[in-house]
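Q: Could we go through this structure together, one topic at a time?

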Amino acid sequence: MRILLTGATGFLGKWTLRLLLADPRIAQVIVVSRFKSSHPDPRVRVIRKDLSDPSLLNHVTEPVDTAIHLAGLYRFGSSYADNYESNVLGTQTVLDALRRFAPSRILFASTYAVGIGLDHLPNRSLDQLPPREHA
């Protein structure tokens with residue numbers, strides 16, 4: 001099985017990568033990272049790219065069975081533009097890169113900061129971006 005993993009340097013991503021590598025069914029983990037350029041396990045292929053960079057599409061060249069998208073900006077002081085670029089455009093770039101291969105599963109975990117400043121979280125599909133005050 002070949003897995004694409006984003007956010008592998010974060011708290012959840014480190015644990016996820018460790019669990020994936022402990023599973024003998026996993027033949028390769030393709031890690032997309034802004035910071036790392038290598039990994040000691042030969043089953044890990046690192047693509048050093050920012051997720052919001054559209055050229056990522058040129059680096060995801062082989063099909064994956066599953067994508068696990070954990071990357072995201074979670075600094076509370078970041079601007080709306082920084083949040084949008086990292087979290088929205090980054091997710092869109094990952095989905096565009098995967099579109100060619102149609103993995104059987106895409107697993108996504110969003111930032112824990114969703115809904116800050118709201119009294120409650122509405123349960124509805126996202127067909128438009130939330131107001132700028134709630135990045």
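A: This is a predicted model.

Q: What span should α2 have, and how far apart are its end C-alpha atoms?
A: The 20 residues of α2 should span 28 Å at 1.5 Å a residue, and the end C-alpha atoms are 27 Å apart, which agrees.

Q: Which residues of α2 are buried?
A: The buried residues are N83, S86, N87, G90, T91, T93, V94, A97 and L98.

Q: And what do those buried residues pack against?
A: They pack against three strands: β1 (2–6), β4 (66–69) and β5 (105–108).

Q: Take T91. Where is T91 found, and why does T91 count as buried?
A: T91 is found in helix α2, residues 80–99. T91 counts as buried because its relative accessible area is 18%, and the cut-off for burial is under 20%.

Q: Which residues does T91 touch?
A: Leaving aside residues up to four places away in sequence, T91 touches H69, S86 and F108. Of these, S86 is itself among the buried residues of α2.

Q: Changing topic: which residues make the nonpolar surface patch?
A: F11, L12 and W15 make that patch, with an area of about 390 Å².

Q: Where is F11 found, and is F11 buried or exposed?
A: F11 is found in helix α1, which covers residues 11–22. F11 counts as exposed because its relative accessibility is 70%, and the cut-off for exposed is over 50%.

Note on methods: Residues are numbered from 1 along each chain as its sequence is written. This is a predicted model: local features need pLDDT of at least 70, side-chain atom pairs count only at pLDDT 80 or more; totals for chains, interfaces and linings use all residues. Side-chain values use heavy atoms; hydrogens and water are left out. Patches are made of residues with over 30% relative accessible area and no salt bridge: like charges are joined within 9 Å, nonpolar side chains (Val, Leu, Ile, Met, Phe, Trp, Tyr) within 5 Å. Accessible areas come from the Shrake-Rupley method with a 1.4 Å probe; for residues, only the protein chains shown count as cover. A salt bridge is a side-chain nitrogen of Lys or Arg within 4 Å of a carboxyl oxygen of Asp or Glu. Helices (H or I, at least four residues) and strands (E, at least two) are DSSP runs, numbered from the N terminus. Buried means under 20% relative accessible area, exposed over 50%, partly exposed in between (1.4 Å probe, protein chains only). Contact means heavy atoms within 4.5 Å. The expected span of a helix is 1.5 Å times one less than its number of residues.
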